[in-house]
Amino acid sequence: MKANTNACSLTDLRPPVPSVFPSVPAYLRYLLRLLTLGWLLAATPALAAPEPAAVQPVRHLPADRASNVTLRKPAPARLREFREQREFQYVAVKSEKSAWDLLMMRFWRWLGELLETPSGKIIWKYGIYAALLAAFIFVVLKLMQVDITRAFGRGTRRAPLSYDVDSEDIHALDFSTLLREAESAGNYRLAVRLGYLEVLKQLTDQGLIRWQPDKTNHDYLYELPPGPLPPAFRELTRQFDFVWYGEHDDLTPTHYAQARATREAFQHLLAAPRRAA
Amino acid sequence: MENTPDSQQDNSPLYTNPSTEPVSPEAATTGDPTEAPAVEPAPTEAFTSRTDLSHLSRHAEAIRQELGKVIVGQQSLAELLLTALLADGHVLLEGVPGVAKTLTAKLLARTLDVPFSRLQFTPDLMPSDVLGTSVFQPNKADFEFRPGPIFASIVLIDEINRAPAKTQSALFEVMEERQVTQDGTRYTVPEPFVVLATQNPIEQEGTYRLPEAQLDRFLFKLNVGYPTVEEEIGILQGHHAGFGGTPLEAVRTVLTANDLRGLREQVRRQHVEPKLLEYIARIVGQTRAHKGLYLGASPRASLALLNGAKALAALRGRDFVTPEDIHYLAAPVLRHRIQLTPEREMEGSTADDIVKQILQQIEVPR
């Protein structure tokens, strides 16, 4: 690039200073200015160096060897009292390891030694992979809300009950004997109940219903296959409900005979498909 | 409509019409099921109610018919509302907007010849707006209590969860004790006294969760769901044909306060087998021991289940309670009284799921 030929120096931009002695050369003017400045500094009293203050002589006191000085000592009882305070007992008590700590130390030492062996190293290496894999599977199953406990043969997950449930196993009862006893004792209400339970057992044995203690009579009614059984079971259930839940303790032999006839008719109906098969 | 604990529940197969499909015992004994479709002798005197429930059934049917003039479907909801009415309990209806919660409550109130008032709960509502307040009377130079809208027999509280806990707390005393204490004076609300409250699900904006103490005072919490397609078509047809549906004025009053008092007395005398009392106690007790629950139900829940079951049995034509009644009412009685643990909530379980689990764990007394 070509330099600008019209460029000028900074000195050229300054305004021209009028000179007192325009004819005196420039170096002489500078010398004159220096001399004037030096004279001014020497003549100014404020700029002159201050005079040093007068130094006082040091006075040494005479040593007091005549006064009787009493040495102050704390009372022994007070000292003992201080020593007994916890804040002044600086001896660090060594912490003793408990039996559990010692056991854990031995366990970790044993584990460390075990993992140092060649076979231990292999277990350590693949054990981590197995643990990671198990954790991954667990998280996936949890996210999918899969009940893992069923995989080990357990049924539906049930919370423990805080009380005993007196479950009556209908398969363990000898209905014919119990019915005979109830009828002979005149306990017709119980006889109706036993008869109904016997019907439920027969329905279960034939696979027509799935017996579960938590199911209601209504549930069993819905489980029955379409056909003649549901209306008959409906009436049987109605009678059982009236007698058992309605607390009809005053059931007469005539009424019981009707209830028994209904039950026996249903049992007869129940046996019919089996005979046909 | 998913407003009941058990949508497949048959309301009247066992008791109300026992003489359907009669079959002679002779035909049954032939052993051929094709000849004998069923064994069902006509009900005898021993197997009929000892209490005359015809009066109750007539009134219940009349109310159902009046509700049915306007409401399509919702039979289970109507049955549970009637149950609460007979059991002297308050009802909380929960559902999304537009499923006829308020309309159903208003219609039920119209069928009863008792004082009715309606409260729209808003965020700025004050307790005195509900209960009433003492006003200075210059001519007497004394304060005079001016009763609030709560002093009615049927009180419809719309959108109850729109008001903050302060205003909701004003209902504690009146809902439980049927009285209001103001400036040291006790004022009794009229008999009968039933609160029908509606609310939107708490997930919606601008709502407050009801305090547990207040929730416990409701006999039932009923979830009002969407109608089925058939029901919705019925709604549209009725609306289109009537250019706006049946007016509310068409709904008649069918029950007086005295009638209701008599019916409630009848319900109170219902038989309950001792083992069923134990069954109720076990169900409610299990809510306190269940691992998935943070808060179990109170003894008030046991009483609610008992009273509700007695009323439901009466509505179904029986003078005694069966386990079916308890099963049917377990969810409406318990769902608002229990609280799930955070873990169970995160798993997506609901209170109804837990109630169902509890019912599965306890043997039905038989």
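The legends below describe close-up views of a predicted model.

**View 1. The open sheet of chain B.** Five strands of chain B form an open sheet in the order 3-6-9-1-10, and their pairing is parallel.

**View 2. The pairing of strand 3 with strand 6 in chain B.** Strand 3 of chain B runs parallel to strand 6 of chain B, and 5 bridges join the two. Within this pair, B:R118 stands opposite B:L156, which belongs to strand 6 of chain B.

**View 3. Strand 9 of chain B and its two neighbours.** Strand 9 of chain B is joined by 4 bridges to strand 1 (residues 90-94) of chain B, with the two strands running parallel, and B:L93 stands opposite B:T198 of strand 9. Strand 6 (residues 154-158) of chain B is likewise parallel to strand 9 of chain B and is joined to it by 4 bridges; here B:I154 has B:V194 of strand 9 as its bridge partner.

**View 4. The two faces of strand 9 in chain B.** Strand 9 (residues 194-199) of chain B is mostly covered, with 6 of its 6 residues buried.

**View 5. The packing of helix 13 against helix 15 in chain B.** Helix 13 (residues 323-334) and helix 15 (residues 351-361) of chain B pack with their axes 9 Å apart, at an angle of about 140 degrees, which makes helix 13 of chain B oblique to helix 15 of chain B. The crossing of helix 13 and helix 15 of chain B is right-handed. Helix 13 of chain B contributes B:H327, B:A330, B:A331 and B:L334 to the contact, and helix 15 of chain B contributes B:D352, B:V355 and B:L359. An α-helix has 3.6 residues a turn, so residues three or four places apart point the same way.

**View 6. Helix 4 of chain A.** Helix 4 (residues 99-116) of chain A consists of 18 residues and reaches 26 Å from its first C-alpha to its last, close to the 26 Å expected at 1.5 Å a residue. Of the 18 residues of helix 4 of chain A, the number buried is 0, so this helix lies largely in the open.

Conventions: Residues numbered from 1 in each chain as written. Chains lettered and ligands numbered in written order. Predicted model: local features only at pLDDT ≥ 70, side-chain atom pairs only at ≥ 80, totals over all residues. Expected span 1.5 Å × (residues − 1). Buried ≥ 20, exposed ≤ 12 C-beta atoms within 10 Å, placed from the backbone. Pairing = 2+ DSSP bridges. Axes fitted to C-alpha atoms, helices over the stretch in contact; angles between N-to-C directions. Parallel < 35°, antiparallel > 145°, perpendicular 65-115°, else oblique. Left-handed = near helix turned anticlockwise from the far one by under 90°. Contact = placed C-beta atoms within 7 Å.
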